[in-house]
Amino acid sequence: MQKELQRVLIVDDDPMSIDFMVRHISSVLSSEITSFQNPLEAYDWAHDNECDLVIIDYRMPEMSGIDLVRKLKRLDKYVSVPMMLVTSDNTRGNIPEAFDAGFTDYVFKPFQRAEFLARVNNALSLRAANKILEFDKKNLEYKIRKATQELLDKDVRHRLVIEATNEGIWDWDIKTSEVFYSRKWCEILGYQMGEVPNTAIFWTSRVKEEDLYILTGAIDNHIMGKTDQIDCTYRMVHKKGYDIWVHTQGKSLRDETGQAVRLIGAHADISELKESQQELAYSALHDTLTGLPNRSLLMERLQQALLRFKRDPDSLFTLMFIDLDKFKDINDTYGHGAGDKILKSIATLLVKSSRDLDTVARIGGDEYVVLLENTTTENSAKKYLARIYEELNKPIEVAGHEVKLGLSTGVVLANSNHLNADQILQDADVALYEAKDRGRNQAIFFEQTMKELPPRKKQLLESLGDALVKGEMEIYYQPIVCLKTK
C-alpha cells in the first residue's frame with residue numbers, strides 16, 4: 001500500500017493558535033494542513049474533502065467544538081478519523097462530554113510544544129496503522145469471496161485453487177469435522193502440510209488458552225446466524241514456541257434449511273502490525289528520554305490511587321514532586337547531552353529507590369513525580385526521601401567533571417479533602433516552591449497555610465503592581481565589564 005501524505009484539519013477562531021499548530025506540525029511532519037477560523041466553513045469543507053486528523057478548539061462563537069464534532073461524526077468519511085480537542089479549561093471538566101461527542105484525545109492551552117507534537121504524531125500514526133489494517137481487511141475479504149466462489153465447484157478443483165493462492169485458506173466440513181488447511185496456513189505456524197492433521201482440534205490446540213474463547217465464540221455466533229461472518233483476532237503458538245497474532249475471517253455455506261454445513265475462510269499473520277500498535281500505545285504513555293511514565297499515565301494512576309483511597313481509607317499514598325536545582329546551569333555549562341545523561345541518572349536513582357508497586361514519572365524537563373502506594377505515615381515517605389538524598393551526596397561524573405546535584409521536593413500525603421488527581425499534584429507543586437523559597441535541596445511536606453500569602457508579601461505584590469501601572473518605577477541596566485577582555 002503506497003504511503004500517502006497525511007492531511008490535518010485545524011478549526012480554531014484564534015489565528016495565533018492556528019499559526020502555532022501549523023508552524024510546529026509542519027516543522028516535524030510531512031503533512032497537508034487546512035485551517036479555518038469559522039467552524040461553519042470548516043464543516044462545509046469537510047463535506048467534499050477527507051483528512052486523517054481534526055484538531056478543534058472547544059470554545060468558538062459560531063459553534064462549539066463539541067457541536068462541530070457531532071456533526072462531523074455523522075459524515076461517513078469522518079467516522080473513524082481521530083478528533084483532538086483544544087481547550088484552556090485545565091480542570092478537565094469538559095473532557096467527559098468531549099469524549100462522548102466523539103473526541104479521541106485532547107491538549108491544553110497554552111500549548112506545550114513537545115506534548116502537542118507527541119499527541120499529533122500518535123494520532124496520525126494510529127490513523128495510518130488503522131488504514132493499513134482496513135486495506136488488508138478488504139483485500140482479505142475479497143480473496144475469501146473469490147476462494148468461496150471457487151469452492152462451490154468440484155472438490156478437486158477448489159483444492160487446486162486454494163493451493164495456488166498464497167493465503168492461509170481453511171475449509172471446514174461441519175458434517176465430517178474434517179478441516180482442509182492450505183500450504184500457507186501451515187507455513188504461518190511453521191509447519192509443512194504433511195505435518196498438520198485435517199482436524200479442528202489441531203487448530204484449537206494451537207490457540208493460546210486465554211484467547212480460545214475469542215475464536216470459538218466467533219465461530220459459534222456465526223453458525224447460529226448471529227453474525228454475518230467470522231471475524232476475530234487472537235494469538236496462536238508457532239511451532240518454535242513463540243506467540244503470533246492471527247486475524248481470521250470466514251463465511252458459512254448453508255443448506256436449503258439454513259443449516260451451516262461448511263465454513264470457509266482465511267487467516268493472516270498480523271504480528272508486525274500488533275507490535276507497531278503496542279509500540280505506539282507505549283510511546284503515548286511514556287517519556288522518550290528516560291522510559292518513565294509520562295504525565296498522562298501518572299495522572300491516570302494517581303486518579304486510580306485516589307479512588308482506592310476513597311473506597312478504603314487505609315489505602316493511603318504519598319505524592320512527591322521533585323525538581324532538579326539549577327539544572328539550566330548544567331545544560332549551559334556542559335551541554336544538553338550531559339544534561340540528558342543526568343536526567344537518565346536521576347530516573348534510575350528514583351526507580352532504584354522505589355518499589356514495584358510505586359510509580360516514578362517524568363512530567364517535564366527536569367521535573368519528576370513519585371507516587372508511593374501504601375504509605376501509612378509521614379515516616380514512610382521520609383525513609384524514601386532519605387535514601388534519595390543519601391545517594392545524591394555522591395557526585396555524578398559528567399563530561400569528565402564531577403557534578404553534585406540538589407533536589408527540591410514537595411510532598412503531599414493523601415487526605416479526604418482531595419477531590420481529584422489535579423488537586424493533589426497542585427498541592428505537591430505548592431510544597432515544591434516552598435522548598436525552593438527556603439533555600440532549595442530539601443523536601444517540604446505540604447500544609448494548607450502554604451496556599452495563603454503572608455500579609456506583608458501580599459501587600460508588597462499589590463504595591464508593586466500598582467507602581468508599574470502608575471509609572472512609579474524605573475528600570476536601569478548596569479553592565480559589568482571585565483577590563484582585561486572588555
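Predicted model: local features only at pLDDT ≥ 70, side-chain atom pairs only at ≥ 80, totals over all residues.
# Helix packing, aromatic pairs and backbone details

# Helix packing, aromatic pairs and backbone details

**Helix α12 with helix α13**

- On the α12 side, the contact is made by F327, I330, N331 and Y334.
- On the α13 side, H336, A338, G339, I342 and L343 take part.
- Sorted by class, this contact of α12 with α13 has 6 nonpolar and 3 polar residues, and no charged ones.

**Helix α2 with helix α3**

- Helix α2 (residues 39-48) packs with helix α3 (residues 65-72) at about 15°, and their axes are 11 Å apart.
- An angle under 35 degrees counts as roughly parallel, so α2 is roughly parallel to α3.
- The crossing of α2 and α3 is right-handed.
- From α2, the residues P39, Y43 and A46 meet L68, K71 and L72 of α3.
- By class, the contact of α2 with α3 has 5 nonpolar residues, 1 charged residue and no polar ones.

**Aromatic rings**

- The structure holds 15 aromatic pairs.
- One of them joins F99 and Y106 in an edge-to-face arrangement, with 6.1 Å centre to centre and 80° between the planes.
- F99 has a relative accessibility of 38%, so F99 counts as partly exposed.
- Y106 has a relative accessible area of 17%, so Y106 is buried.
- Elsewhere, W170, W172, Y181, W185, Y191, F202 and W203 form one aromatic cluster.

**Backbone details**

- The peptide bond from K109 to P110 is cis, with omega near -5°.
- P110 is found in the loop between β5 (105-108) and α5 (113-151).
- R440 is not a glycine, yet has a positive phi of about 70°.
- The loop between α15 (421-437) and β17 (443-445) is the place of R440.
- With a relative accessible area of 35%, R440 is partly exposed.
- N441 also is a residue other than glycine with a positive phi, here near 50°.
- The loop between α15 and β17 holds N441.
- N441 has a relative accessible area of 43% and is therefore partly exposed.

Conventions. Residues numbered from 1 in each chain as written. Heavy atoms only, no water. Axes fitted to C-alpha atoms, helices over the stretch in contact; angles between N-to-C directions. Helix = DSSP H or I, 4+ residues; strand = E, 2+ residues; numbered from the N terminus. Parallel < 35°, antiparallel > 145°, perpendicular 65-115°, else oblique. Left-handed = near helix turned anticlockwise from the far one by under 90°. Contact = heavy atoms within 4.5 Å. Nonpolar A, V, L, I, M, F, W, Y, C, P; charged D, E, K, R; others polar. Phe/Tyr/Trp six-rings, centres within 6.5 Å; stacked < 30°, edge-to-face > 60°. Buried < 20%, exposed > 50% of the residue type's maximum accessible area, 1.4 Å probe, protein only.
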